[in-house]
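Please look at the sequence and the 3D structure below.

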Amino acid sequence: ERGSQLLGDMSTLDADAEEETELLAEDEEAEDCHEADGEGGDGTAAEEEEVIAVLEVDDKVFEEMRLPADIVAEAQQAWSAFINAASSREAAGESIYAALFDSAPSLQSLFKTPRSVMAMRFMNGLNSIVSAMTNPAALKVTVETLGFQHLDLEVTVPRVVIFRDAIVDLFDMEMGARFTSKARSGLMSILNYVGGAYIYIRREYAGRIKIISTSWRAANNKVPTSRRQMMKQLARRTRRSRGRQAR
């Protein structure tokens, strides 16, 4: 009987040990899963921060902008859908023009170009920018080129925000549920990127370009003057020569 009791006690101890081992294994597995989830969560948070970061106008630096592929894809799809929904590209440009200046009539004083021409410039400029979103290097070149073409405009952060919000509101109104949160993030990001770049380029390069232009005009003005002087001197010498020959 004592032997049976000892065997029973040992069996109980073995069962308890196995149960404890299983519990420890489950705890370790749960911790591993938690750590994995944490790592995945950090990655998602980092991606969200990347998107959120470009939702602010940054005029301190002008570097290549990289957005998550799904954000870019949905922004481009929204842009294509907006163009296709209009009766023509001119009509789409007119919608953008109207949305902008209806929300901020004071901005009209910045543009001296006729409305129809300006509407198409908005359309073509935005189209080239959105199309280049998949290639950060090409996008930077495109935005830089447009920035140099708009050095005469006094672009400010508040004006960029007005322009951005007018475009986003237009898309929201025209597309409704098709204008997803990712498409909105992508469109707001690219508009802020472009606006910040315009401000940066104007601040950093407008002064230098003005100096170069002034120097170039001064150099060109001297050439005609020198030529005129040379022609006058040549004419005087010719007259003198003829006078001497006549004598």
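Which residues line the largest cavity? They are W79, L126, I129, V130, I167, L187, I190, L191 and V194. The model is a predicted one, and every value in this text is computed from it. Two elements each give two or more residues to this lining, namely helix 4 (115-131) and helix 7 (181-246). Helix 7 gives the most, with four residues. What classes do the lining residues of the largest cavity fall into? Nine are nonpolar, none is polar and none is charged. The space inside comes to about 50 Å³.

The structure has two cavities of 30 Å³ or more. By class, the lining of the second largest cavity has four nonpolar residues, no polar ones and two charged ones.

Next comes the open space. The largest pocket contains about 650 Å³. It is lined by 27 residues, and those closest to its centre are F111, F122, H150, L153 and Y198. Which elements give two or more residues to the lining of the largest pocket? They are helix 4, helix 5 (136-149), helix 6 and helix 7. Helix 4 gives the most to the pocket lining, with six residues. The lining of the largest pocket divides into 16 nonpolar, five polar and six charged residues.

The last topic is the salt bridges. How many salt bridges does the structure hold? There are eight. One of them joins the side chains of R203 and D59, with an N to O distance of 3.8 Å. This pair links distant parts of the chain, since R203 lies in helix 7 and D59 lies in the loop between helix 1 (2-53) and helix 2, 144 residues apart. Are the two partners buried or exposed? R203 has a relative accessible area of 40%, so it is partly exposed. D59 has a relative accessible area of 13%, under the 20% limit, so it counts as buried.

Another salt bridge is formed by R115 and E94, whose closest N and O atoms are 2.6 Å apart. R115 is in helix 4 and E94 is in helix 3 (residues 89-103), so this pair ties together parts that are 21 residues apart in sequence. R115 is partly exposed, with a relative accessible area of 41%. E94 is partly exposed too, with a value of 29%.

D165 and R164 also form a salt bridge, and their closest N and O atoms are 3.0 Å apart. D165 is partly exposed, at a relative accessible area of 29%, whereas R164 is buried, at 11%.

Methods. Residues are numbered from 1 along each chain as its sequence is written. This is a predicted model: local features need pLDDT of at least 70, side-chain atom pairs count only at pLDDT 80 or more; totals for chains, interfaces and linings use all residues. Side-chain values use heavy atoms; hydrogens and water are left out. On a 1 Å grid over the protein atoms alone, a cavity is a set of points where a 1.4 Å probe fits but cannot get out, and a pocket is an open set with protein on both sides within 12 Å along at least five of seven lines; lining residues have an atom within 4 Å of a point. Grid points are joined across faces, edges and corners, and a volume is the space filled by probe spheres set on the points. Ala, Val, Leu, Ile, Met, Phe, Trp, Tyr, Cys and Pro count as nonpolar, Asp, Glu, Lys and Arg as charged, and the others, Gly among them, as polar. A salt bridge is a side-chain nitrogen of Lys or Arg within 4 Å of a carboxyl oxygen of Asp or Glu. Buried means under 20% relative accessible area, exposed over 50%, partly exposed in between (1.4 Å probe, protein chains only).
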